[in-house]
Amino acid sequence: MSTPPSKPRVLVTRAIFPDVIERLTEHFEVESNPGDMQWDSEQFLHRLQDKVGVFTTGVERITAPVLAQCPALKICANMTVGYNNFDLDAMTTAGVLGTNAPDVLTETTADFGFALLMATARRVTESEHFLRAGLWTRWSYDMFSGAEIHGTTLGIIGMGRIGQAIARRGALGFGMKVVYHNRSRLDGATEALSQARYLSKEELLKTADHVVLVVPYSASSHHTIGVQELTWMKPTATLINVARGGIVDDAALAIALREKRIAAAGLDVYEGEPKVHPDLLTVPNVVLTPHIASATAGTRRAMADLAVDNLVGYLVRGKAVTPLNMVANG
Ligand code: DGY
């Protein structure tokens with residue numbers, strides 16, 4: 001009696017919807033992580049070494065040294081739109097495909113960007129802490145007065161899909177004047193659809209009442225907002241980061257917030273997360289959330305499903321849905 005041919009081996013790095021694992025199991029022998037253990041880089045590498053594919057969550061580093069020790073690997077499928085955990089050049093050289101999960105989280109992330117903007121400008125969490133602490137004993141005319149949102153100027157840095165979705169919310173929902181800065185200027189039709197006007201980064205920071213960062217992380221976007229940029233912002237301005245940790249110099253931001261050089265900030269992402277710069281934890285004028293901009297059940301499911309579509313598409317049918325690089329499919 002001959003043994004049936006074994007299925008290709010795939011790794012899933014974190015706990016995920018059980019039916020996502022079932023879908024993968026139809027095609028692959030799956031090593032999953034239902035207990036959601038935090039693997040260190042050695043444990044991750046050990047598990048990856050005999051796999052042809054890996055389902056990643058946007059933080060697992062895929063670098064040249066990792067690839068050198070994983071000769072069977074063909075695809076790394078992020079369930080996130082961001083892919084700064086991938087060294088794409090090294091992956092291309094090693095013949096390993098990278099995929100991400102664009103589009104499926106655009107509107108949800110834009111909703112959250114706006115939620116964080118509103119919570120920050122209108123001091124929602126700060127005033128809730130005050131109330132919960134039993135400090136609300138009487139009304140006063142200037143209690144927690146915040147910044148106006150409607151009719152103000154919204155500055156967006158990073159005008160990709162999510163940036164454009166935030167621009168539409170600002171322009172159509174809140175009557176905001178929208179200005180944007182991007183590595184390359186959008187074409188006229190897209191600018192018109194977003195009702196957004198292009199400015200240099202400096203002009204934008206000097207003009208905007210609210211600045212939202214949606215720029216992808218790379219070496220060139222590191223500290224897009226640092227000491228100098230914070231000095232360009234209005235003292236009444238709010239700064240929102242739903243992009244990636246490292247886009248903002250968190251230490252410099254904490255100082256600017258403490259010294260009221262800008263009014264407030266709303267952060268969903270941090271340098272070195274899940275650690276948060278200790279100085280940010282002690283300033284009152286910042287709203288802090290734990291990287292949840294895309295966290296709705298429906299969107300997280302769509303993100304995971306797209307990662308599975310990429311793994312199955314590439315490993316079974318030879319074609320991924322949302323590839324990031326070009327490799328020969330051998
Ligand atoms: C992404 O998809 O890159 C988000 O940051 C994950 O929530």
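Helices, as named on this tour, are DSSP runs of H or I with at least four residues, numbered from the N terminus. The model is a predicted one.

**Helix α13 and its end**

Select residues 297-317, which form helix α13. At 1.5 Å a residue, these 21 residues should span 30 Å, and the 28 Å between the end C-alpha atoms agrees with that expectation. Step next to Gly318, which follows α13 and has a positive phi, near 80°.

Return to the helix and colour its buried residues, among them Met303, Leu306, Val308, Leu311 and Tyr314. Against which elements do the buried residues of α13 pack? Display β1 (9-12), β3 (53-56), β4 (75-78) and β5 (97-99), together with the helices α1 (18-25) and α5 (106-121); the buried residues of α13 pack against these.

**From α13 to α1**

Select Arg301 and Asp19, which form a salt bridge with the closest N and O atoms 2.7 Å apart. Arg301 belongs to helix α13 and Asp19 to helix α1, so the pair ties together parts that are 282 residues apart in sequence. Arg301 is partly exposed, with a relative accessible area of 29%; Asp19 is also partly exposed, at 31%.

**The pair at β1**

Move to Arg9 and Asp50, another salt bridge, in which the closest N and O atoms are 2.2 Å apart. Because Arg9 lies in strand β1 and Asp50 in the loop between α2 (41-48) and β3, the pair connects parts 41 residues apart in sequence. Relative accessibility is 27% for Arg9, which counts as partly exposed, and 38% for Asp50, which counts as partly exposed. A search of the whole structure finds 20 salt bridges.

Colour domain 1 (9-104 + 297-315) and domain 2 (106-288) separately. Their C-alpha centres lie 31 Å apart, and the contact takes seven residues from domain 1 and five residues from domain 2. The area buried between the two domains is about 560 Å², with carbon and sulfur atoms giving 40% of it. Which residues of domain 1 lose the most area to domain 2? Select Asn84, Asp103 and Thr299, which together account for 65% of what that side buries.

Finish at Arg161 and Asp103, whose side chains meet in a salt bridge at 3.4 Å, N to O. The count between domain 1 and domain 2 is one salt bridge, and four residue pairs are in polar contact across the interface.

Notes
Residues numbered from 1 in each chain as written. Predicted model: local features only at pLDDT ≥ 70, side-chain atom pairs only at ≥ 80, totals over all residues. Heavy atoms only, no water. Helix = DSSP H or I, 4+ residues; strand = E, 2+ residues; numbered from the N terminus. Expected span 1.5 Å × (residues − 1). Buried < 20%, exposed > 50% of the residue type's maximum accessible area, 1.4 Å probe, protein only. Contact = heavy atoms within 4.5 Å. Domains from an automatic or database assignment. Buried area = accessible area lost by both parts, 1.4 Å probe. Salt bridge = Lys/Arg side-chain N within 4 Å of Asp/Glu carboxyl O. Polar contact = N/O pair within 3.5 Å; in protein donor to acceptor, adjacent residues only side chain to side chain.
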